[in-house]
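Open the model in your viewer and keep the sequence beside it. The tour goes from one selection to the next.

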Amino acid sequence: MATRIYFGLFVAESKFRSERETATALIKARDRDGLMAFITKPEVERKNVQRVVLKARTFSQTIASAEGGQQVPDSSSQTSYKVNPEFVGRVFEEWIMPLTKDVEVEYLLARLDGEPSAESR
């Protein structure tokens with residue numbers, strides 16, 4: 001979880017570099033809400049939640065034992081999970097992504113502090 005949030009710094013930097021003028025204006029205005037809107041990509045977030053649920057389904061399956069050389073268990077309505085995959089997706093969507101985005105916004109607000117100004121270049 002900490003690694004995912006830490007990687008938010010690299011995502012924020014990428015978003016900053018892709019739209020430098022917009023990001024710079026929002027940072028200079030100290031516009032937290034604007035920066036949050038700037039970094040929020042609903043379609044990407046939706047896909048990430050789906051990916052997390054899929055991974056939770058895959059890795060939390062209760063696997064009894066393989067039969068006759070079977071490599072992958074067959075999924076069915078009888079498949080049981082050690083944790084509820086949808087719950088994992090909700091935790092990711094409601095807690096982990098918002099924490100990551102808060103870190104991204106804080107990073108962006110501090111982003112220009114270390115850069116030389118245009119006048120000093």
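**Stop 1: a buried lysine and its partner**

Select Lys-15: with a relative accessibility of 16%, this residue counts as buried. Buried means under 20% relative accessible area, exposed means over 50%, and partly exposed is in between (1.4 Å probe, protein chains only).

A note before you go on. The model is predicted, so local features need pLDDT of at least 70 and side-chain atom pairs count only at pLDDT 80 or more, while totals for chains, interfaces and linings use all residues. Residues are numbered from 1 along each chain as its sequence is written, and side-chain values use heavy atoms, with hydrogens and water left out.

Is Glu-104 buried or exposed? Glu-104 is buried, at 5% relative accessible area. Its side chain meets that of Lys-15 in a salt bridge, 3.5 Å from N to O. This pair links distant parts of the chain: Lys-15 sits in helix H1 (residues 2-18), Glu-104 in helix H5 (residues 85-111), and they are 89 residues apart. A salt bridge here is a side-chain nitrogen of Lys or Arg within 4 Å of a carboxyl oxygen of Asp or Glu.

**Stop 2: zoom out**

Show the whole chain as a cartoon. How many helices and strands are there? There are five helices and zero strands. The pattern along the sequence is α-α-α-α-α. Helices (H or I, at least four residues) and strands (E, at least two) are DSSP runs, numbered from the N terminus.

The chain has 121 residues, and 29% of them count as buried. Its accessible surface is about 8600 Å², and carbon and sulfur atoms hold 57% of that. These areas come from the Shrake-Rupley method with a 1.4 Å probe; for residues, only the protein chains shown count as cover.

Look at contacts too, meaning heavy atoms within 4.5 Å. Among contacts with a separation of 6 or more, 70% are between residues 24 or more positions apart.

**Stop 3: more salt bridges**

The count for the model is eight salt bridges. Select Arg-32 and Glu-106 next. Their closest N and O atoms are 2.3 Å apart, in a salt bridge. Here too distant parts are linked: Arg-32 is in helix H3 (residues 32-39), Glu-106 is in helix H5, and 74 residues separate them. Arg-32 is partly exposed at 42%. Glu-106 is partly exposed at 43%.

Move to Glu-86 and Arg-57. Their side chains form a salt bridge of 2.4 Å, N to O. Glu-86 lies in helix H5 and Arg-57 in helix H4 (residues 42-59), so the pair ties together parts 29 residues apart in sequence. Glu-86 is partly exposed, at 34%. Arg-57 is also partly exposed, at 34%.

Then pick Glu-13, Arg-17 and Arg-111. Salt bridges with shared partners join these three into one network.

**Stop 4**

How many aromatic pairs does the model have? The count is three. Rings of Phe, Tyr and Trp (its six-membered ring) pair if their centres lie within 6.5 Å; planes under 30 degrees apart are stacked, over 60 edge-to-face, and the rest tilted.

Select Tyr-6 and Phe-7. Their pair is tilted, with 6.1 Å between centres and 45 degrees between planes. Tyr-6 is partly exposed, at 45% relative accessibility. Phe-7 is in helix H1 and is partly exposed, with 45% relative accessible area.

Tyr-6 and Phe-10 are both in helix H1, four residues apart, about one turn of the helix.

Ring pairs link Tyr-6, Phe-7 and Phe-10 into a cluster.

**Stop 4: two last selections**

Select Phe-38 and Lys-41. Lys-41 lies over the face of Phe-38, 5.6 Å from the ring centre. A charge sits over a ring if NZ of Lys or CZ of Arg is within 6 Å of the ring centre and within 35 degrees of the ring normal.

Finish at Arg-30, in the loop between helix H2 (20-28) and H3. Check the backbone: phi of Arg-30 is near 55 degrees, a positive value in a residue other than glycine.
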